[in-house]
Each structure stands twice: as structure tokens, then as C-alpha cells.
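Please keep the sequence and the structure in view while reading.

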Amino acid sequence: MNINISEIIQYFFMYFTITAILSYIILAIISVFENGHYIKKNSFVNYNDILSSSISPSISIIAPAYNETLNIVENVRSLLSNYYANYDVIIVNDGSKDDSLEKLIKAYDLVKVDYIINNQIPTKPLREGVFKSTNPAFEKLIVVDKENGGKADALNTGLNISPNKYVACIDVDCLLVEDALLKMIKPFLETTDSKVIAAGGVIQIANSCTIKDGKLLDINLPTNLLVRGQILEYLRSFLMGRMAWSKLNGLLVISGAFGLFDKKIAIEIGGYDTKTVGEDMEIIVRMRRHMEEQKIKYKVAYIPDPLCWTEAPDNYKTFISQRNRWTRGTIETLKKHKKIGFNPKYRSLGMISYPYWLIYERLAPIIEVTGIVYFLYLIITKAVQWDYALAFLVVAYLFTVLFSIITIITEELTSHQYKKKGVGFHLITTAFLEPIINHPFILYAAIKGNFDYYFNKEIKWGVMVRKGLNKSQS
């Protein structure tokens, strides 16, 4: 039998695309139903009376800070303004070279104190020590100054210092909404036969929003098309993806911008991995792997509410650097935990979540770029079946646009954050432009991330230049 290599390759790309589209459709359907169920359930249940009392579960908000002089005072004020009653805020100054610590000392009347630290997880040593405020208004604030060890090391320091049952890990340059802890703690309190080990929520983009004294006053849609494209990308990921994975108990990542964890489990597994740039994904996979191996029923929960607002890159250089790091973090995590892949011992984690992430997250950019290169080869050799090729491209493009539009409608019917007139039209316009404006650079960053992971070991984190949420006008 004659085997036509060209046809085999074309069928491979076609089947890959079809299965990818089907997976997105399935996840979207599950997410829409789960969003509806969440809204209906929470319209009848009110936790506020319990959660705003002193008997509510204790939470520590841990926020690593490195050279954050631009936002540090305002963002700490935001963290201290949460409606939740029983919590503290631990700012870990990770060897900043700017005046971040001096600004905090001045703004919050900090003084150095003796503080008992339970060093269950090895970390870099303290530099100046631990500070607390002499002002009763800031009694919830703890500031730790340590030698630089990276974000994961700073988070581990926070785990060692926290006296509370749960820890909420957040980027200090993010804006936490006032009722975020109220909503995030709910899955941990609901009656269930599975132990909730972590929870995440929707992260929104704050560029161009009006922020004052650590509070979000007005939500605006950015004029920068790169940022607008990221808004759609975030909405697709959080509203149409992670909600479904939570329902399937297959969620592999809680955004590093904001997540709530059972501290006991986090410490049992050794805390955050300081040798990866994707510590947010890696710790979830390791916590899940631990629970599977201990044969304990567990769940990683997800809240489809906007809980945290963050600044997104507004230029391609920073955008590519960020996505490069995300790619390398994914590669590191999947490689480190390859034992669970396609392993029935780990149930849905090994047989559904890991394979999906490997094929449609880790390998998808490589497959897509390979397909583009192959298409160019067919053009050069004049072997293109133009009717098939054009139909394929049109279907892929229209599906991407349609999926974004469905996401926009879902956001309108659920959280409805963008209330100003004309925003919906601008977002739909962005949906048509995003595959051209953002996606090629995402592919480039993913390929570069693969190259850097295997051949450029000197790159660890990457540059993420912030303009400051109070000044962001992208």
C-alpha cells in the first residue's frame, strides 16, 4: 500500500485542530452551566454574618515584594481594606534594592520587633528582620525584610511566618477587591466529602482603570489593542476554561496573582519550588499529586467572580517576556511531574488533566508553528490545495472569534464588570483583531520559551516592567 506522507501530515493537523475545537466547546458548555449554578446557589446563601465575625477561619495574605516602590504603599492599603475579619497581611520584602522598605516604614509607622518564625521550609535568611506597626489601625500588617531569593522563596518565608490556617498568596502589585476573601473561603467551608486544598478566582486587567488609595473606583476599557486582547484572553481562560476544569476536578493551576491554600498541605509538600519560574502551577500539581498518593479525596476549587485586578503588559517586549516565562514554567512542571502523565494511579489528574495540558498547552504552539512552516513549504512547492487550505484557515479564525464573542456574552450575563456604553462593541471588535494582534506574538514567545528552556539556561525570570496601577493609562 502506498503511503502518502503529505496526506498523513495534513490529516494530523486537521485532527489536532478538530479535537482542540471540540475540547474548547465541551469546556465552554460545562463552564456556562457551572456559572449559572454558582449564581443561583449564591443568591440563596449568605455567609457574610459568619465570615465577618471573629470566629471566621484565619487567613494570612502573603505578598512578596521586590523593587515595588511605585505601588507598594497603595497596594498594601488595598490589602488592609478587606471586609474579612480574621486575617493578617504579610509583606515579604525580598531584598529590594529600591526604597520599598523605607516607604512602608514611613507610611505605616513600622518598628522592628522580635518575632518567632517556624522555619519548616528552608529559605534565605532575614536581612533587617520583622516589622509591625505602632499604629493600631495597621495591627494586621506584618512586614518581613529578607535577602533576595525570588518569589517562591519569599512565599515560603510567608508560609513559615503565618500563624493562620489558610494562606492567600498574591502579587503585591495586584489590587484585591474588598470581598475577595469572603468569596474565596466559601469552598473550604461548604459541606463536602472532599477536602478543598486550594481555590482560585477570576483575575481581571486593571490597565486604564481609575484607582485611588488602593481602591478600584472606575472600570475603563483600555485603548491599547494589545491590552484589550489580553482582557479577552483572560476572560476566555477564567470564565470558559478553569470553571470547567474545577467541575471536572482537573484544575492544574491557580493564578499566581491570587490564590487561597490550605497552609498545612502546602507545608507538608515543602512549600513553593524555588527552582522553577512557574511556581504557581507547580505547587498545585504537587499538592494534587500528594493527595492522590495519600489516597485522600480532595478538590481544587474555583470562584467565577472577579477577585483580583492586575496590570497587564502594554508593549510587545514585556508581553513576550511574560509569555516566555509562562512557557518555561509549564515545561518545568510537566517534566518534573511526568510520572503522573497517562498513569491511571492518579485518576483524572494523570489520565485527563496532564495529557490535555501536555498536548493542548505544552505542545500546541509547536504543532501550530510546524503547521505554518509546512504550509509555506507547500506554497513553495506549489502543492497547496487552496480550497482546503482557505476553508481550514477561515474555520479556525471564525471559531476563535465566535468563542471570544460567547465569552463576552457570558461576562455580560455574569459579573458584568464593563458597564459603560459601547464597551461591548469595542470588545467584539477586538475579538476580530486579537488573532492577528496578539496570537502571533504568543506563538513566538512560546517557541522562544522552548528554545530558552533547552539552550539558554541563564534566563530565569524575565523582565516585567510595571507602570503602576494608579498611573496606568494603556
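How many bridges join strand S4 to strand S5, and do the two run parallel or antiparallel? Strand S4 (residues 126-133) and strand S5 (residues 141-146) are joined by five bridges, and the two strands run antiparallel. The model is a predicted one. The points below go from the chain as a whole to the sheet, the cavities and pockets, and a few individual residues.

**The chain as a whole**

- The chain contains 16 helices and 12 strands.
- The chain is as compact as a globular protein of its length, because its radius of gyration of 23 Å is close to the 23 Å that the globule rule gives for 474 residues.
- The C-alpha trace spans about 80 × 50 × 50 Å along the principal axes of the chain.
- Of the 474 residues in the chain, 55% are buried; a residue counts as buried when its relative accessible area is under 20%.
- Among the contacts with a separation of 6 or more, 81% are between residues 24 or more positions apart.

**The sheet**

- Ten strands form an open sheet with mixed pairing, in the order S3-S4-S5-S2-S1-S6-S11-S8-S12-S7.
- The edges of this sheet are strand S3 (110-113) and strand S7 (175-176). Each edge strand has a single partner strand, so one side of each has no neighbour in the sheet.
- Strand S8 (residues 195-205) and S12 run parallel and are joined by 10 bridges. In this pair, Gly201 is opposite Ile303 in S12.
- S7 and S12 pair in the antiparallel sense, over two bridges. Here, Leu176 has Cys308 in S12 as its bridge partner.
- Is S12 largely enclosed or left open by the rest of the structure? S12 is largely enclosed, because 12 of its 13 residues are buried.

**Cavities**

- A search of the whole structure gives three cavities of 30 Å³ or more.
- The largest cavity has a volume of about 60 Å³. Its lining consists of 13 residues, and those closest to the centre are Leu155, Cys169, Gly256, Tyr272 and Asp280.
- By class, the lining of the largest cavity has six nonpolar, three polar and four charged residues.

**The second largest pocket**

- The second largest pocket has a volume of about 500 Å³.
- Its lining is made up of 21 residues. Nearest the centre of the pocket lie Glu34, Lys41, Glu190, Ser246 and Lys299.
- The elements that supply two or more residues to the lining of this pocket are helix H1 (5-42), helix H7 (186-189), helix H8 (225-247) and strand S12 (298-310).
- The lining of the second largest pocket divides into eight nonpolar, seven polar and six charged residues.

**Backbone angles of two residues**

- Most residues other than glycine have a negative phi.
- Asn67 has a positive phi, near 55°. This residue lies in the loop between strand S1 (59-65) and helix H3 (72-79).
- Asn67 is partly exposed, because its relative accessible area is 31% and the partly exposed class covers values between the 20% limit for buried and the 50% limit for exposed.
- Arg347 also has a positive phi, near 50°. Arg347 belongs to helix H12 (residues 347-362).
- With a relative accessibility of 47%, Arg347 counts as partly exposed.

**Phe425**

- Phe425 is located in helix H15 (residues 423-437).
- Is Phe425 buried or exposed? Phe425 is exposed, because its relative accessible area is 58% and the exposed class begins over 50%.
- Phe425 and Ile408 are 17 residues apart in sequence. In space, the C-alpha atoms of Phe425 and Ile408 are 10.0 Å apart.

Notes:
Residues numbered from 1 in each chain as written. Predicted model: local features only at pLDDT ≥ 70, side-chain atom pairs only at ≥ 80, totals over all residues. Heavy atoms only, no water. 1 Å grid on protein atoms, 1.4 Å probe; cavity = no way out; pocket = protein on both sides within 12 Å on 5 of 7 lines; lining within 4 Å. Points joined across faces, edges and corners; volume = space filled by probe spheres on them. Nonpolar A, V, L, I, M, F, W, Y, C, P; charged D, E, K, R; others polar. Helix = DSSP H or I, 4+ residues; strand = E, 2+ residues; numbered from the N terminus. Pairing = 2+ DSSP bridges. Rg over C-alpha atoms; globule rule 2.2 N^0.38 Å. Buried < 20%, exposed > 50% of the residue type's maximum accessible area, 1.4 Å probe, protein only. Contact = heavy atoms within 4.5 Å.
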